[in-house]
Amino acid sequence: QTVARLEQELADANAAAARATELDTQLASVREQLAAANELASASSELDAARTRTAELEDKLAESVSRVAELEEARDAQFAHVADLEAAVERLRGEVELAAADVARSTGHMKTSEESAAARVGK
């Protein structure tokens, strides 16, 4: 009986050792999975941060594009204003030239009138 009992205890111990080895293997696998899950969580967190930063940059880009459009409109308005001013200057030049021509004609008529009067007085 003692031998049978010892043999049974040995068999139980061997079974327990095999079970412990199996549990060690499972524990190692669980640790590997946990490490992979931690890496995945870290990568996911980094991805979320990158997405947030991308959204912020896209918002800034949209603001910049809008601002550029506003500045282009303002520039175009300034060009149009300059063109209007240049046209007004040209109109004024024309008016000045006409006025100068009128003055020259009037001066010419005045000289002719003065010469005419002088000729009459001289007679």
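How many residues apart are Glu56 and Arg53 in helix 1? They sit 3 residues apart, about one turn of the helix. The legends below start with the whole chain and come back to this pair.

This is a predicted model, where local features need pLDDT of at least 70, side-chain atom pairs count only at pLDDT 80 or more, and totals for chains, interfaces and linings use all residues. Residues are numbered from 1 along each chain as its sequence is written, and side-chain values use heavy atoms, with hydrogens and water left out.

**View 1. The whole chain has 1 helix and 0 strands.** Helices (H or I, at least four residues) and strands (E, at least two) are DSSP runs, numbered from the N terminus. The C-alpha trace spans about 180 × 10 × 10 Å along its principal axes. The radius of gyration (over C-alpha atoms) is 52 Å, while a compact globule of 123 residues would come in near 14 Å, going by the rule of 2.2 Å times the number of residues to the power 0.38. And 0% of the 123 residues count as buried; that label means under 20% relative accessible area, with exposed over 50% and partly exposed in between (1.4 Å probe, protein chains only).

View 2. The whole structure holds 8 salt bridges.

**View 3. Arg93 and Glu90 pair up by a salt bridge too.** Here the N to O distance is 2.5 Å. Both residues lie in helix 1, 3 residues apart, so about one turn of the helix. Arg93 is partly exposed at 47%, and Glu90 also counts as partly exposed at 47%.

**View 4. Asp76 makes a salt bridge with Arg75.** The closest N and O atoms are 3.1 Å apart. Asp76 is partly exposed, with 41% relative accessibility; Arg75 is partly exposed at 41% as well.

**View 5. Arg91 and His109 both lie in helix 1.** Arg91 counts as exposed because its relative accessible area is 52%, and His109 is exposed at 54%. From Arg91 to Ala55, 36 residues along the chain, the C-alpha separation is 54 Å. His109 and Leu40 are 69 residues apart in sequence and 102 Å apart in space, C-alpha to C-alpha.

Definitions and conventions: Salt bridge = Lys/Arg side-chain N within 4 Å of Asp/Glu carboxyl O.
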